[in-house]
Amino acid sequence: MTTMKPAMRPLPRAMLIDMDDTILSAYGRPEIAWDTIANEFAEELAPLPPELVATTVLAFARNFWANADASWRLKLAEARHLTVKGGFAALAAAGHRALSDDLAIRLADRFTAYREEEMFVFPGAHEAIDQLKALGIKLALVTNGAGDTQRAKVERFELAHRFHHIQIEGEHGFGKPEERAYLHAMEALGVSAEDTWMIGDNLEWEVVTPQRLGIYSIWIDVHGDGLPEGSTVKPDRIIRSLTELVPGRD
């Protein structure tokens, strides 16, 4: 008996595409970045092991971002100052050596600079976007974050001319997962939800809310980690690269 491969869903009239960790390798794998930076500061952190500082700061940061107000996305450097200071305070509360606020700020600023230095476009992303545009699909880049920071990435990584609409949270005054972020992008492209796909790495921003609006929602899992254990979110499709969206490339 021959097993039939499921028919591919026809391409939509429009796609809303996230930027960070969808087109660009930006903020994924923070544990590796914090380990690297803590080791750079090993002498100043001594006698605390750099790995302990890295894991403590990361744990504090993850808890902070899980509960943070959306306004902190527009103050990323300031948020990092706060989370490193918080990690240092947690270490002191556990009986370890007290580390200064000055060191916290320098560590946080180095982390920010390191993330900028290490950022790159995922292989094939530019080409996939260009091919989708050539097929007549209307494309919107929909990204959260501060206007100056995100606009600098758009220019640095040559994204502006690849999209019909660029929508940055800090420039528009709203962002994902607010419903108007998706509605505004679709209005700008002149399409409706049933004509649109949303693609990105954040389950809440790129799957939960878009699905509620009737948008076909694709989760990009670049590292192949799979859905988080216990997740109740069901993306309409899971991909590891934007190249999978191009006909004949999946």
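The legends below describe close-up views of a predicted model. Residues are numbered from 1 along each chain as its sequence is written, and side-chain values use heavy atoms, with hydrogens and water left out. Because the model is predicted, local features need pLDDT of at least 70 and side-chain atom pairs count only at pLDDT 80 or more, while totals for chains, interfaces and linings use all residues.

View 1. The strands follow the order 5-4-1-6-7-8 and pair in parallel. Strands (E, at least two residues) and helices (H or I, at least four) are DSSP runs numbered from the N terminus, and two strands pair if DSSP finds at least two bridges between them. Strand 5 (165-168) and strand 8 (237-239) each have a single partner strand, so one side of each edge strand lacks a neighbour in the sheet. On average, neighbouring strands of this sheet are turned by 20° against each other, direction ignored. Axes are lines fitted to C-alpha atoms, for helices over the stretch in contact, and angles run from 0 to 180 degrees between N-to-C directions.

**View 2. Strands 4 and 5 with helix 7.** Four bridges join strand 4 (residues 138-143) to strand 5 in the parallel sense. Leu141 stands opposite Ile166 of strand 5. Helix 7 (residues 147-156) packs on the sheet and touches both strand 4 and strand 5, its direction making about 145° with that of strand 5. Contact here means heavy atoms within 4.5 Å.

**View 3. Helix 10 on strands 6 and 7.** Helix 10 (residues 203-212) lies across strand 6 (196-200) and strand 7 (216-220). The helix runs at about 165° to strand 7.

**View 4. The salt bridge between Glu171 and Arg151.** The closest N and O atoms of this pair are 2.8 Å apart. The pair links distant parts of the chain, with Glu171 in helix 8 (residues 169-172) and Arg151 in helix 7, 20 residues apart. A salt bridge is a side-chain nitrogen of Lys or Arg within 4 Å of a carboxyl oxygen of Asp or Glu. Glu171 has a relative accessible area of 39% and is therefore partly exposed; Arg151 is also partly exposed, at 26%. Buried means under 20% relative accessible area, exposed over 50%, and partly exposed in between (1.4 Å probe, protein chains only).

**View 5. Further salt bridges.** The whole structure contains 16 salt bridges. In one of them, Glu117 meets Arg110 with the closest N and O atoms 3.0 Å apart. Glu117 is partly exposed at 48% relative accessibility, and Arg110 is partly exposed at 21%. Glu178 and Arg180 form a salt bridge at 3.2 Å, N to O. Relative accessibility is 32% for Glu178, which counts as partly exposed, and 45% for Arg180, which counts as partly exposed too. Asp18, Lys176 and Glu206 are linked in a network of salt bridges.

**View 6. Helix 3 and its buried residues.** Helix 3 (residues 50-67) has 18 residues and reaches 26 Å from its first C-alpha to its last, close to the 26 Å expected at 1.5 Å a residue. The expected span is 1.5 Å times one less than the number of residues. Its buried residues are Pro50, Val53, Ala54, Thr56, Val57, Leu58, Ala61 and Phe64. These buried residues pack against helix 1 (30-40), helix 2 (42-45) and helix 4 (76-93).
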